[in-house]
Amino acid sequence: MTTNQDLIGIATMAALWMLGITRVRSMLWGLAVLGGALGALPLYDGMSQGVGSEILLGAVVIAVKAVAVPVFLNWNACRLQMTRDHTVGIGPGAAMLVGAALVVLCYFHGNHFAAAGSLPGDAGLSIAIIAIGLTIMMTRRLAVGLIIGFLVLDNGIFVYGYTQTPGMPFIVELGVLFDLFLGVLLAGFVLFRIRRSFEHLDVSEMRELRG
C-alpha cells in the first residue's frame, strides 16, 4: 500500500512541477512522468497479486500515457514551432504556489472525497491532480497548454477511479484509454487547422469567436 501512495505522490509532484514551467517540452516530460507513475499503479498491484489483467492494464497505461501521447504532442509542438507556453493572468511561480496550496488542502480534506474502505490520502491527492489540471487549463495561452492541462485532469480522474472504485471491468478501462488516445490524435489535427486559420495558437487572442 505504501508503494501505491508513493506512486500517487510522484504523480502529484509531477503535475505540480508542470505548473511552474513554461517550456512545452519540459511540460511533456512531466506528463510522461505522471503517466508512468499512474501506469505503475496497476502494474505493481498485478505483479504483487499475480493478476495478469492488471499487469496488462499497467503496461497499456504506460505505453499510452507515458510514451505515445507525450511523443505525439512533442512531434506536433516541434512542427508548429511551439517552444514556450506563457501563462495568462498569473506567473509560473505564483501558479505553483496555488497548486501547492491545493495539494495541501485536498490532502488534509481527503476524507470528504474518499469512498468507504479506501485511503483518504489517495482520494485527496487524486482531487489535487484534477485541480492542478484545471489550473493549467485556465492559466496557459497556447492551445497545446489546454490539451496538456486536460490530460493532467484526466490522469487525476484515472487515479481517483482506480483507487476509489476497485473492480472496474478491465475492458472498460482499456476502452477509456483508447478513447483518450483518439481524442489526443484529433486534438493534434485540430492544432494544425487552428494554426492554418489564425496563424497562431494563442487562445487568449481568439475572443472574437465568442458570439
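Visitor: How far does helix H2 reach from its first C-alpha to its last?
Guide: In this predicted model, H2 covers residues 24-49, which is 26 residues, and reaches 38 Å. That is close to the 38 Å expected at 1.5 Å a residue.

Visitor: Switching to packing. How many residues are in the largest nonpolar core?
Guide: The core has 44 residues. Leu31, Leu73, Ile148 and Val152 have the most contacts inside it.

Visitor: Which helices each supply at least two residues of this core?
Guide: They are H1 (2-19), H2, H3 (52-79), H4 (92-108), H5 (120-139) and H6 (143-164). The largest share comes from H2, with 9 residues.

Visitor: Back to Leu31. What is it in contact with, leaving aside neighbours within four places in sequence?
Guide: Leu31 touches Met18, Lys65, Val69, Leu73, Leu151, Val152 and Asn155. Two of these partners, Leu73 and Val152, are also named among the residues with the most contacts inside the core.

Visitor: Aromatics next. How many aromatic pairs are there?
Guide: The count is 3. One of them is Phe158 with Tyr162, a stacked pair with 6.3 Å centre to centre and 10 degrees between the planes.

Visitor: How are Phe158 and Tyr162 placed along helix H6?
Guide: Phe158 and Tyr162 are separated by about one helical turn, because they are 4 residues apart in H6.

Visitor: Are those two buried or exposed?
Guide: Phe158 and Tyr162 are both buried.

How values were computed
Residues numbered from 1 in each chain as written. Predicted model: local features only at pLDDT ≥ 70, side-chain atom pairs only at ≥ 80, totals over all residues. Heavy atoms only, no water. Expected span 1.5 Å × (residues − 1). Core = buried A, V, L, I, M, F, W, Y, C linked by side-chain atoms within 4.5 Å. Buried < 20%, exposed > 50% of the residue type's maximum accessible area, 1.4 Å probe, protein only. Contact = heavy atoms within 4.5 Å. Phe/Tyr/Trp six-rings, centres within 6.5 Å; stacked < 30°, edge-to-face > 60°.
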